[in-house]
Structure formats: structure tokens, C-alpha cells
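Work through the exercises below with the sequence and the model open. Try each task before you read its solution.

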Amino acid sequence: MVAQAPAPAPAPAPTPAPALRPPDRPVRWTRPADWPREVLALAAYWIAGRVLMVGLIRSGRTEPAIEVHRLYHGWYQVLRTGTFPVGDVTWQYPPGAALPMLAPGLLPFLTYLQSFVLLSLLADAAVQAALLAAGRGPGRSTWGAWAWALALPLLLGLPYGRYDLSATALAVGALLLFPARPRLGGVLAGIGAMVKVWPALTLLGTPRGRTTRQTWTAAALSALALLLVLAACFDHTLGFLHAQGGRGVEIESLGGSALQAARQFGWSGRVEQHYGSFEFLGRYVHRIAQLSLLLTAAAFGWLLLWRVRARRWTAATPYDAALTAVLLFTVTSRVISPQYLVWLIGLAAVCLTVEDTTQRPVALLLLPVVGVTTVDYPLFFDAMQAGGWWPTAVILLRNGLLLVASLWSAARLWRATASPRPAGTGAASAA
């Protein structure tokens, strides 16, 4: 009997090819009928949210509208005479802030408030379009566009009643331009630094080498050029430094929330309007103000250390570093006004345009921070001046979440870019 040969083993089933993300088809913005459904949904929500925000401020009776109508318009009248406000302790902004104050004068057929709100709306729309465009492509995400569209209306009409929206637009534009057009991005960062200072922090995470040289040089030259132009056109260009140096501990700051809690246990301090905001006056206030400045210096030192120690850069690193830097400077500030959240929303949205960002959980944590900020202002702001457990609990919750977000952001940035990799990780990543 002849032994039969063993049957050949069946061929292994072919391994299915990994699913590839279909390339984003080009969008013709002049033809809304061709827009993807996500873009249509985003546009519908953006319009609905912005109608609500404009409606809240259009009456002119809300506090943001009153500040634009009285304070900003008053500065506009002074600036038209060729001088910065002199002897006005509420003018605490760098010289470039004159630009958004004077810009409503370009629309003489509208009132100052109407022009200011319209220009803020246009800046908002520009940020939304830039985030949507940046979120399309391999390794990109539209989460950033959705974060901006969803989070900004949580602040009600406040973003359209402060000029922080224009500074945020400059910072967002600078960050999104750094990869492809570093010089132009540096120019926007330099102008933004002259408008509100903090956009200069967007330069911190640029990759070492040519990109850093181009962006930092362009930023320095544009800021210097704008300063020289303003100094030639206006008197008392640097007068804001005196008022800025006299700031105390504002009631919504991290140190202020500690004093709010101390007031519930018998501390005898009081709240007064001082240097344009409601600040604490009394025993220990000066020490807390000094501690805030010391913490700000420590945060700056940590950021410099991170810059020296960072070894790994990705497409998200400049965005992540900018969010971390602004979070640290915000939480250590002597003033944490509600409009500061506009900055954080914009930077978090930029981070979310990249899929491999380290800051996604931090960006999500900022959403309840924005919501609690709206509970604090305007709902509990008057009660906070008088003191009480409910407003104290609200501000402690807001600042506690903000502190957690800042430390979490810094830890995730350091771990992803500066901490040593475990043995074998580098080879595996290279493979």
C-alpha cells in the first residue's frame, strides 16, 4: 500500500491592508452647495452662536457694551488727539493696543460700539476659517474648529466687548503660519506682542535652527517697527508702564481666591476699585502680589529650561508649547479676568488641529473652566465683591481647575518632548 503524500498546507489568508483615511477633497468656498456636511453643520452652529453673542451685547446695557462705549471710546477720543492717555491708571496696555481702539473709526457710518462689535465678529470669523482650513489634511483634525465654535459662546457677549479677540486672532494666525511661512508668522506674533504682550509666547515652541531664527527675527523687527511708528505718531507711548507696575491682587486671580477664602475666616481686607479693576486692599495683599510675581518668574524659568532640554519636535509642539506657556502665565498672574479665557480657547483650538497633540485632555478640561468663568462673571461678580461662601466656592473651583490644567499641560509637554525615552523606545520608534 502506497503512503499518500500529506496535503499541502492551505495558503495563509492575505492580511487586509490598513484602512487609509480618504484624502480631503478640495472645498470651493464660493459654492456652499459643495461643502461637506461637517462644514455645513459647523457653519450653522457658528452663525447661531454668534447671533446670540451679538444679541446679548447689541442692547448696549450689558457691562461689556458699557465698557466699549465708555472706556474704549474715551481712549479713542484721546488717541485721536495724538497722545496716549496720560494720568489714566486704567490704560495698562502696550502701545499696539491703540490699533484696535482706533480701528472702529474706519467705519464712520456706524456708532463706535457697532463698529467695534462688527470688527470683533470679523476677527472671530477669520479665526474660525483659519482653524477649519488648518484641520484638513493628513494628520490634521477639525476638532480645533469645533472647539472654537462651541467654546466661545460660553462666554456670552464678553468676547465682543473686549479687544482680546483681536490679539487672539493675531496669535492664532502666527501659530498656523509658522510651519509654511515662518517670517509672516513672526510678523503677526510681533504685532500681537505690541497689542497684548502675551502673543510673544507663541514663539517659544518654534523648532531650533532656521525656523526659530526667521520667526524670532521677524517678530523682533515687526514689533520694533510698530513701536517706532507709534512713538512718532503719539506722545507718551510708554506711559502704560507706570500704571502696570501699580497693579495689585485682583479678586478673580489665584491669590485673590485665597484671600476670598481667608475673608470667610475673619480676614479684615476689603475690596475697592483700584487701577481699573476690583482689587483686595489690606494686610498680606502686598506679599501675595510679590508671590505672584515670583511664581511668574519661576514659570518663565521653567519654560526656558524646557526650551533648552527639549529634544523631540512634532508638528504639534509649537502649538502645545504656546498653550502651556500662556496657561502658566495666566494662572500666576495678579489678574485673571474673564476675557483671558478667550486666549486659552484660541490656543487650545490650534492644538486640536493636529491629531498627535499632547494637549487634547487639557483642551477638554478648559471647557468646564470656561463654563465656571461665566458663572463667576457676570452671575456672581457683584456678590464676590461683598464676599460670601457661594461666590468664593465658584472662584476657587474656577482657579483650581485652571491650576490643574496648567500643571497638567506642562507635565504632558515635558514628558513628550524633554523627558528621557525608556531603553529601546528610540529604536522601536525609528523602526
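## Exercise 1: Strand pairing

Strand β1 (residues 249-250) runs antiparallel to β3, and two bridges join them. The model is predicted: local features need pLDDT of at least 70, side-chain atom pairs count only at pLDDT 80 or more, and totals for chains, interfaces and linings use all residues. Residues are numbered from 1 along each chain as its sequence is written, and side-chain values use heavy atoms, with hydrogens and water left out.

**Task.** Find the bridge partners in β3 of E250 and V271.

**Solution.** 
- Step 1. Apply the terms. Strands (E, at least two residues) and helices (H or I, at least four) are DSSP runs, numbered from the N terminus. Two strands pair if DSSP finds at least two bridges between them.
- Step 2. Start from E250. Its bridge partner in β3 is E279.
- Step 3. Turn to strand β2 (residues 270-274). Five bridges pair β2 with β3 in the antiparallel sense. V271 has F280 as its bridge partner in β3.
- Step 4. Inspect the hairpin of β2 and β3. Two residues lie between the strands, and Y275 takes a positive phi near 55°.
- Step 5. Check burial (under 20% relative accessible area; exposed is over 50%, partly exposed in between; 1.4 Å probe, protein chains only). In β3 (residues 277-281), four of the five residues are buried.

## Exercise 2: Aromatic pairs

**Task.** Classify the ring pair of Y72 and Y163. Which parts of the chain does the pair tie together?

**Solution.** 
- Step 1. Recall the rule. Rings of Phe, Tyr and Trp (its six-membered ring) pair if their centres lie within 6.5 Å; planes under 30 degrees apart are stacked, over 60 edge-to-face, and the rest tilted. The structure holds 20 aromatic pairs.
- Step 2. Read the geometry. The ring centres of Y72 and Y163 are 6.3 Å apart and the planes meet at 70°, so this pair is edge-to-face.
- Step 3. Place the residues. Y72 is in helix α2 (residues 63-79) and Y163 in the loop between α5 (143-151) and α6 (164-177), so the pair ties together parts 91 residues apart in sequence.
- Step 4. Check burial. Y72 is buried at 1% relative accessibility. Y163 is buried too, with a relative accessible area of 1%.
- Step 5. Step back. Ring pairs join a cluster whose members include Y72, W75, Y93 and Y163.

## Exercise 3: Salt bridges

**Task.** Locate the salt-bridge partners of R50, R162 and D164.

**Solution.** 
- Step 1. Use the rule: a side-chain nitrogen of Lys or Arg within 4 Å of a carboxyl oxygen of Asp or Glu. The count comes to five salt bridges.
- Step 2. Take R50. Its partner is D124, with the closest N and O atoms 2.6 Å apart. R50 is in helix α1 (residues 37-58) and D124 in helix α4 (residues 112-134), 74 residues apart. Both R50 and D124 are buried.
- Step 3. Take R162. Its side chain meets E63 at 3.0 Å, N to O. R162 lies in the loop between α5 and α6 and E63 in helix α2, so the pair ties together parts 99 residues apart in sequence. R162 is buried at 6%, whereas E63 is partly exposed at 36%.
- Step 4. Take D164. Its partner is K196, at 3.4 Å between the closest N and O atoms. Both D164 and K196 are buried.
- Step 5. Look for shared partners. E63, E67 and R162 are joined into one network.
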